[in-house]
Amino acid sequence: MAKNNFELIRPNAYVALRLPSDALIVVHLLPNTTISIGKYGNFQANHVIGRPFYLTFEVIDKTNISNTSQTALRVVPATELYADLRDEDATTPIETETGRTVKDQDGVEYDIVGEDGEVVMRTNRTIIDDPNSQIMTMDEIEEMKAQSIGSGKDLIAKILESHSALDQKTAFALAKYTLRKTKKYLKRFTIIPLDVSTLARWMFVEKEPMKTMELREEILSLIGSWSNVHCTPLHTPPLMSENIAKIGGGRWLVVDETAGLLVAYIAEKMGILHAPERPDQKLENALVLDQEHEAVKGEVVQDNTEANSSKIPTQNPLRPRKSSTLATTNTITLIHANAQPNLSLLKYFHFDAFNPSSLHPLERHLKILSWLQLVAPEDDACCTEPEHVSEEVLQGWKSGKRSNHFRKRRRWERMKSIVDETRAGGFDGLIIASVMNPVSILRHTVPLLRGAAQVVVYSPTIESLIELSDCYSTGRRTAFVQNPPDPGLMPTEDFPINPTLLLAPTIHTARCRSWQALPGRTHPLMTGRGGSEGYIFTATRVLPAEGKIEARGKFKRRKVDARRSTRASSSLAETPASVAGELIESDV
Amino acid sequence: MAISSSSQASPFLYCGKIAQSDSLAVLHLKRDLLIPVVLHSRDDLDEGYDEGKVTNTRFGSFPHSTLIGAPWGSQVRASAVDTGSRGRKGWEGSGRKGRKRKRDEQFHNERGTEKEANTDAQNGGILSKADVIRNQDTVATPKAAVEAASGFVHILPPTPEIWTASLPHRTQVVYTPDYSYILHRIRARPGTVLIEAGAGSGSFTHAAARAVYNGSSTAEQGESEFKGLDEDPYGKVYSFEFHEQRAQKLKDELQEHGLDNVVELTHRDVCQDGFIPFQTTPSDMNTNAIFLDLPAPWLALKHLTRGGPSSPLDPRTSIHLCTFSPCIEQVQRTITTLRQLGWLEIEMVEIAAKRIEVRRERVGLQEEGLRGANDSPASVDEAVARLREVEGRLRVFHEESAFDGKGLSPATAGAQVSKQQRLENIRNALEGRKLYKEGRLVHKPEPELKTHTSYLVFAVLPREWTEEDELGAQRLWPGTVDVPEQDTGPMSKRQRKKEAKIKAGGNKASEIEREGSSSKLEAI
């Protein structure tokens, strides 16, 4: 399923382009359009649609008969991309031999000389800093740029040629200089599929990291592992089936304030993010595709306009009525704090939360409700049942009114089933990325989890997680177990949240460090992206045993030791809290 | 009720509601002390416990009868199990855990019995009927477990993270932060076919199996939606290990964990013999992602090229690769080879992960004599007060000596508190204090830190693209076409303006922002 999406570039897809400057941009590949990539020129979308990903294209200017400037693209083979890295011996780029010959020719001095007199490396000791070493002026370069129709290679060659001190540069400096000019003038780009990995990177590095709570890729992947989110077998026996419709396994509860990045990631891990490619959309079938494609498009637009007024089940078999069936396994239940959830990033995966296409798996697998609907459904307008109208009355109504009535009922039914199912609990995991206080979120959501469900809370900064962690500290849990407050009085000041429901709370963080790995020039990158490190809090939902329970561990021996010690009498007077604190400590 | 590994889902993929017999469970003692246990309702080894099969831990003994049927995540009390007298009941071999004290005395005896056990097993590879009946007899009426006074564990279903933390180490383990990032970067999604070479202890194998599993293999007759529309392959892990013993051990584990239909493990040196398992046609593999945890990954790369009938790679997709090497020299050779073979997007990174510990730091004179706190003064005021007190005491002392040993002056003795008294007072005050709320909340990395695991090299091999393919694509998507005026139905004024803008300015550098709800939906 997901694989098909990444075989070839599909029309109407969102893709990422990496420019020579290493910047990522995201473009929408509408067929028959021209796509501009700033100073690097522009190209026809049709020239890349239907081609594989990860190819590097070079923009070539052409002028056709009608005198409108048209561009063509050329695929740059890997050998050409690596042409500058020919010194593949994995040793330092300046071999002693070549070094010596250069010396013989132009008498450049060397600093680092081996014991036997052979030159190890050329340095910049003799180079005089001179901003005028580049003979070409800015205007000249601009003029040449305007004239040039090539890929920019000739321009770069010219610039290098006109550098008066080029021969003095060390190999490292030369490589760097060439690279800098290449980044500036070479008209190339690489097309990268816009999957969650690329999207996360783009959002973090290029777009608006604040919008996604500065969620880094390495932290995102940690969330995925610790939440144990994965695709669940479809035919799992229902976990519970009182009153509510069947509830299967593989349900994750999500609070996402990263504009949908987290939901997208979870959906990708569950295999419900990418819409399966329809056989008639195979790129190989030329005309069929085009027609079909247009047809689908028209239909969708039509649907759009209909959506707000009436949503009668159309005759089209492809679009069953919306409230058809909600999935029972492999589902994401999203709780949001505003009137509408913010899932804007899902548009890159062709999912619109306000008007979901029934072809998209998320339509059935993503269940959305607000905090009000979860906590107090009776106060929510969407959750109150619309009046039941008898068949006769219905017949008397105008079609518009009738369909409106049905639409309302369907919306209510869908909402009600989502709310009932969510409140019934039994979720396999809880994943939170929210600016709200995590304690308040966990207070309402932890009871909805099944035993052994994983809890993961993300925060760009550590403070909120520390406070959360402190609510589950050993000491607090011990005090709670020994003197449990009246459940009706929870949350109390001492126990904002029941500390016995989560096991092994831990805060993790990870950081990815990138390296430059070029022959003889391997080192970590000099600069990186600062900002939030990103932390996750993980824990496991457990079911505490009924009644008093005592831990076993080092406890006994310690007590004996204490008794033997000189402070015997006073040791015994030590409060139970502190003794038990140690005792449970061994059990954490 | 027994889960046979091939027909039912693995507990790693779907664990059900309660712990079941013959499936893997994990006993959580402490965060870093997890014991994986396969639960058995019957004691096939006949270890001689009255309660049937029993697992002994630091925190007590747990008869499996108390664990089977417990909801996952529940706290289970230890039972009072007689671990001492089994030897006298003709108990033989294995499971020596609870008897450390006697080990030395019994060492010789045990060697004897072990030999016996071995010969037993050799004599009858299959248990004789009588044996089975005897076993059933003894097991059919195991004594009901009696709760012990103290001790408990939590019973958890296995996850790759728990398994990684608890697995028997055979080699260097790929830990959670590394494998998470790797699987994310090599695009291991449900449905991906992944090659893993250098399975080692199997931590990556388990995580990879979870990542690529797409439900298909157990849901053949199920909803069509997940099966895709054209014979979609199931997610699969082809795993290779060149150490025979390790390979066999891992194979057994995978079977025990019910993952043998997701993971196919082959004992093989991939550098020499390539990546095609026996009895597999290369064209059936269609690999999309590769993870190499080998001492010399560059030697294996020659088997991972496109073209030719013996390529294990999926001809239709890009191939994502990651190698995992601790040394920079390995990385350099790998990258050189990757470049020669036409891999693109070569990138090297390392992952530094840490866990953060949170505690309350209590400082102050009121902590004197208490454990886990710093009893130096918390502030200048406290320090000054303390110094004053000491000063006062000194003065009293001097006055007394001036008094010339005529006993304590009653006035000063009352004002002074002896150290013992002070400590006593502090201890008494402890009763009413809520230590978990006091002090300053602080955090720091946990003492054990992994500063380097390995360098990760990522690379991508794009789909092969020939002249003919390009011509075909050009026929399909002619580059120079007039944009046909599309009838897109009614449009809002705002939308019309936008469209006009787009037409005038071309597709702007970054993508065109379109409002979610009002935009034309793209066909997918």
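## A charge over a ring, across two chains

Start with B:Arg339: its charged end sits over the ring of A:Tyr82, 5.6 Å from the ring's centre. Keep in mind that this is a predicted model.

Chain A has a charge over a ring of its own. Here the charged end of A:Lys401 sits over the ring of A:Trp397, and the distance to the ring centre is 4.4 Å.

## Rings with rings

Now for rings that pair with other rings. Counting over all chains, you'll find 12 aromatic pairs in the structure. One of them joins B:Phe204 and B:Phe291, which are stacked, with 3.9 Å from centre to centre and 20° between the planes. This pair links distant parts of the chain, 87 residues apart: B:Phe204 belongs to helix H6 (residues 203-212) of chain B, and B:Phe291 to strand S10 (residues 289-292) of chain B. Both B:Phe204 and B:Phe291 are buried.

Over in chain A, A:Tyr14, A:Trp202 and A:Tyr348 come together as one aromatic cluster.

## B:Phe291 has another partner

B:Phe291 also pairs with B:Phe324. Their ring centres are 5.9 Å apart and their planes meet at 55°, so this pair counts as tilted. Why tilted? Planes under 30 degrees apart would be stacked and those over 60 edge-to-face, so an angle in between gets this label.

B:Phe291 is in strand S10 of chain B while B:Phe324 is in strand S11 (residues 319-325) of chain B, so the pair ties together parts 33 residues apart in sequence. How buried are these two? B:Phe291 has a relative accessible area of 0%, so it's buried, and B:Phe324, at 4% relative accessibility, counts as buried too.

How values were computed:
Residues are numbered from 1 along each chain as its sequence is written. Chains are lettered from A and ligands numbered from 1 in the order in which they are written. This is a predicted model: local features need pLDDT of at least 70, side-chain atom pairs count only at pLDDT 80 or more; totals for chains, interfaces and linings use all residues. Side-chain values use heavy atoms; hydrogens and water are left out. Rings of Phe, Tyr and Trp (its six-membered ring) pair if their centres lie within 6.5 Å; planes under 30 degrees apart count as stacked, over 60 as edge-to-face and the rest as tilted. Helices (H or I, at least four residues) and strands (E, at least two) are DSSP runs, numbered from the N terminus. Buried means under 20% relative accessible area, exposed over 50%, partly exposed in between (1.4 Å probe, protein chains only). A charge sits over a ring if NZ of Lys or CZ of Arg is within 6 Å of the ring centre and within 35 degrees of the ring normal.
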